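Good morning, and thank you for joining this presentation.

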Amino acid sequence: MSKVYIFLADGFEDIEGLTVVDLMRRAQIDIQTVSIKDTKEVQTSHGIIMQADRTFEETDFSDADMLVLPGGMPGTRYLGGYQPLTDLLTEFYGKGGKVAAICAAPSVFASLGFLKGRKATSYPSFMDKLDGALTTEEAVAVDGNVTTSRGLGTAIDFALSLVSQLEGEEKAKEIAASIVYNK
């Protein structure tokens, strides 16, 4: 079973984070929500209080197959400013691990140098922050071990792409059909 960690900070975009969690769990992928705070309680960008599965400090990421960042503000800024997370991302990416980000969060990857020479996308107002990337307006851009997506409106496409990468295209089609997603 694939193991995925999605990182949550106060102000993350509800739909971008939880759509990934929902569709991966439907696909029987072990995805864990991880708060970068000292507490599991996280507040979404729309004021919903939720409880993450675990905190960053209590988690061993050695079994990770993929690391995911949802967008939203100020959540993206908090994720990018949390040194333990950026260190983990850098080490994981450096070993060829799969990383994914949506909306504003691809800017975190750009700041870490992950997007140089890679096809990438983001929320329209963040495209200029994708330094060195070959930017595209596609809903989801997959280039090697890096996946990026545009925003809330592309959250299902993003999540299904991640399912496909981890469990195959047939599983992604099965999940799409089960939620009556017709693209």
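**Helix 3 and its surroundings**

The buried residues of helix 3 pack against strand 1, strand 6, helix 2, strand 7, helix 4 and strand 11 (146–149). Please keep in mind that the model is predicted.

Which residues of helix 3 are buried? They are Leu 85, Thr 86, Leu 88, Leu 89, Phe 92 and Tyr 93. Viewed down the helix axis, the buried residues of helix 3 fall within an arc of 160 degrees, so they line one face of the helix.

Helix 3 comprises 12 residues, 83–94, and at 1.5 Å a residue it should span 16 Å; the C-alpha atoms at its ends are 16 Å apart, which agrees. Just after helix 3 comes Gly 96, with a positive phi of about 90 degrees.

In what order do the 7 strands of the open sheet run? The order is 5-2-1-6-7-11-10, and the pairing is mixed. At the edges are strand 5 and strand 10 (140–143), each of which pairs on one side only. Strand 6 and strand 7 pair in the parallel sense, over 4 bridges. Leu 69 stands opposite Ala 101, a residue of strand 7.

**Aromatic pairs**

The next topic is the aromatic rings. The count of aromatic pairs in this model comes to 7. One of them is formed by Phe 7 and Phe 61: the ring centres are 5.6 Å apart and the planes stand at 50 degrees, so the pair is tilted. Phe 7 belongs to strand 1 (residues 3–8), whereas Phe 61 lies in the loop between strand 5 (54–55) and strand 6 (66–69), so the pair ties together parts that are 54 residues apart in sequence. Both Phe 7 and Phe 61 are buried.

Phe 109 and Phe 114 also form a tilted aromatic pair, at 5.4 Å centre to centre and with 40 degrees between the planes. Phe 109 is buried because its relative accessible area is 0%, under the 20% cut-off. Phe 114, at 1% relative accessibility, counts as buried by that cut-off.

Which residues do ring pairs link into a cluster? They are Tyr 5, Phe 7, Phe 56, Phe 61 and Tyr 82. A charge over a ring is found as well: Lys 129 lies over the face of Phe 126, at 5.3 Å from the ring centre.

**Details of the backbone**

Finally, I come to some points in the loops. Met 73 and Pro 74 are joined by a cis peptide bond, with omega about 5 degrees. Pro 74 is located in the loop between strand 6 and helix 2 (75–81).

Gln 28 has a positive phi, near 65 degrees, in a residue other than glycine. It lies in the loop between helix 1 (14–26) and strand 2 (30–35). Cys 103, not a glycine either, has a positive phi of about 70 degrees, and is found in the loop between strand 7 (98–102) and helix 4 (106–111).

Which of these is buried and which is exposed? Gln 28 is exposed, with a relative accessible area of 52%, whereas Cys 103 is buried, with a relative accessible area of 9%.

Methods. Residues are numbered from 1 along each chain as its sequence is written. This is a predicted model: local features need pLDDT of at least 70, side-chain atom pairs count only at pLDDT 80 or more; totals for chains, interfaces and linings use all residues. Side-chain values use heavy atoms; hydrogens and water are left out. Rings of Phe, Tyr and Trp (its six-membered ring) pair if their centres lie within 6.5 Å; planes under 30 degrees apart count as stacked, over 60 as edge-to-face and the rest as tilted. Helices (H or I, at least four residues) and strands (E, at least two) are DSSP runs, numbered from the N terminus. Buried means under 20% relative accessible area, exposed over 50%, partly exposed in between (1.4 Å probe, protein chains only). A charge sits over a ring if NZ of Lys or CZ of Arg is within 6 Å of the ring centre and within 35 degrees of the ring normal. The expected span of a helix is 1.5 Å times one less than its number of residues. The arc is that of the directions from the helix axis to the C-beta atoms. Contact means heavy atoms within 4.5 Å. Two strands pair if DSSP finds at least two bridges between them.
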